[in-house]
Amino acid sequence: MKIPKRLEPLLEDGLIDGVVRQLMSGKEATVFVVHRGDEIRCAKVYKEAHKRSFRQAVDYTENRKTKNSRQARAMAKGSKYGREMQEAAWQSAEVDALYRLAAAGVRVPTPYNFHEGVLLMQLVADADGNAAPRLNDGSFTEDEALAHHRTLIGEVVRMLCAGVVHGDLSEFNILVGADGPVIIDLPQAVDAAGNNHAQAMLARDVNNLRTYFGQFAPSVLDTQYAEEIWALYEHGGLHPEAELTGRFECEMPPVDLDGVMREIDDAREEEAARLLRLQELE
């Protein structure tokens, strides 16, 4: 096919030898199947900000680092340069997360290069060597659903151990590869320790998985992995091989009944004193 303009620099620099076809076009990027020699890869071309429907919500960008104070000031002011820097930071977030997670052994596509706003990475394939389908395109037996759910909960744990929360995980950004699920689409990934919304995002990710797989395996709907995982993380007990139960009991401090009664008695005495003062004024 004709080389898209955004992919021309990769061709000129020898990073790819040609484009096979367009794979998909989403809210934030268009993905192409490309080749370098006999090796098939994919190239994710990020859409420009004004053409992208996914907003850089403050919840996601909170505490993202910039290279220098000038860039930070420009981004805060919203100048043209600042918007360019913000866009670059948004794109590089996925690249950084992919390298970080791949190094931690998380099931994500292997990243190869990031060049001129294009992410070159592994093409996740199915058992026949074709581009792997998304999770939402499949239908599963109860046993398959339980196995995939267990695998993905493990990947969420591994991600969190690497300090990353996906932030937008659902059946729409998980591929079913030849050897199991692979997590994709990470430009909204957040730093677990540096983002105040990380816990809520992790809960949403985990609960999205619960809702989806619960269609095929109803027992999944009764699990509480989000609460269990975060509690272990907060107390330093989370590690990739942690044995999870899917159950969570919130430990509430014992109620001080004597203290509560004292507060009630004090309030009654104060109210009686107030009424007495009112009567004296009359």
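The second largest pocket of this predicted model is lined by 28 residues, and those nearest its centre are Met 24, Val 31, Arg 134, Ile 184 and Asp 185. Strands E1 (18–25), E2 (29–36), E3 (39–46) and E5 (118–122), together with helix H4 (80–103), each give two or more residues to this lining. The pocket holds about 500 Å³ of space. Sorted by class, its lining comprises 16 nonpolar, five polar and seven charged residues.

Asp 185, one of the residues nearest the centre of that pocket, is located in the loop between strand E8 (180–183) and strand E9 (190–191). The backbone of Asp 185 has a positive phi of about 60°, although the residue is not a glycine. Asp 185 is also among the residues in contact with Glu 94.

Glu 94 belongs to helix H4, an element that contributes to the lining of the second largest pocket. With a relative accessible area of 1%, Glu 94 falls under the 20% limit and is therefore classed as buried. The side chain of Glu 94 makes a polar contact of 2.9 Å with the side chain of Lys 44. When neighbours within four places in sequence are left aside, the contacts of Glu 94 are Lys 44, Tyr 46, Leu 119, Asp 185, Leu 186 and Pro 187.

The side chains of His 115 and Asp 13 are joined by a polar contact of 2.6 Å. Beyond neighbours within four places in sequence, His 115 is in contact with Pro 9, Leu 10, Asp 13 and Leu 15. Glu 116 is placed in the loop between E4 and E5. Glu 116 is not a glycine, yet its phi is positive, at about 55°. The relative accessibility of Glu 116 is 55%, which is over the 50% limit, so the residue counts as exposed.

Two cavities of 30 Å³ or more are present in the structure. The largest cavity has a volume of about 50 Å³. Its lining is made up of Val 156, Met 159, Leu 160, Val 164, Val 165, His 166, Leu 169, Leu 202 and Asp 205. At least two lining residues come from each of helix H5 (142–161), strand E6 (164–165) and helix H6 (198–213). H5 supplies the largest share, three residues. By class, seven of the residues lining the largest cavity are nonpolar, one is polar and one is charged.

The second largest cavity contains about 40 Å³ of space. The residues lining the second largest cavity are His 149, Val 206, Asn 207, Arg 210, Thr 223, Gln 224, Tyr 225, Ala 226 and Glu 227. Two or more of these residues are given by each of H6 and helix H7 (225–234). The lining of the second largest cavity has three nonpolar, four polar and two charged residues.

Helix H5 comprises 20 residues and spans 29 Å from its first C-alpha to its last, close to the 28 Å expected at 1.5 Å a residue. The buried residues of H5 are Ala 145, His 148, His 149, Leu 152, Ile 153, Glu 155, Val 156, Val 157, Met 159 and Leu 160. In an α-helix there are 3.6 residues a turn, so residues three or four places apart point the same way. Val 156, Met 159 and Leu 160 are buried in H5 and also line the largest cavity. His 149, likewise buried in H5, is one of the residues lining the second largest cavity. Just after H5, Gly 163 adopts a positive phi of about 85°.

In helix H7, the buried residues are Tyr 225, Ala 226, Glu 228, Ile 229, Trp 230 and Ala 231. The cover over the buried residues of H7 includes H5 and H6. Tyr 225 and Ala 226, both buried, are among the residues lining the second largest cavity. H7 is followed by Gly 236, which has a positive phi near 75°.

Note on methods. Residues numbered from 1 in each chain as written. Predicted model: local features only at pLDDT ≥ 70, side-chain atom pairs only at ≥ 80, totals over all residues. Heavy atoms only, no water. 1 Å grid on protein atoms, 1.4 Å probe; cavity = no way out; pocket = protein on both sides within 12 Å on 5 of 7 lines; lining within 4 Å. Points joined across faces, edges and corners; volume = space filled by probe spheres on them. Helix = DSSP H or I, 4+ residues; strand = E, 2+ residues; numbered from the N terminus. Nonpolar A, V, L, I, M, F, W, Y, C, P; charged D, E, K, R; others polar. Polar contact = N/O pair within 3.5 Å; in protein donor to acceptor, adjacent residues only side chain to side chain. Contact = heavy atoms within 4.5 Å. Expected span 1.5 Å × (residues − 1). Buried < 20%, exposed > 50% of the residue type's maximum accessible area, 1.4 Å probe, protein only.
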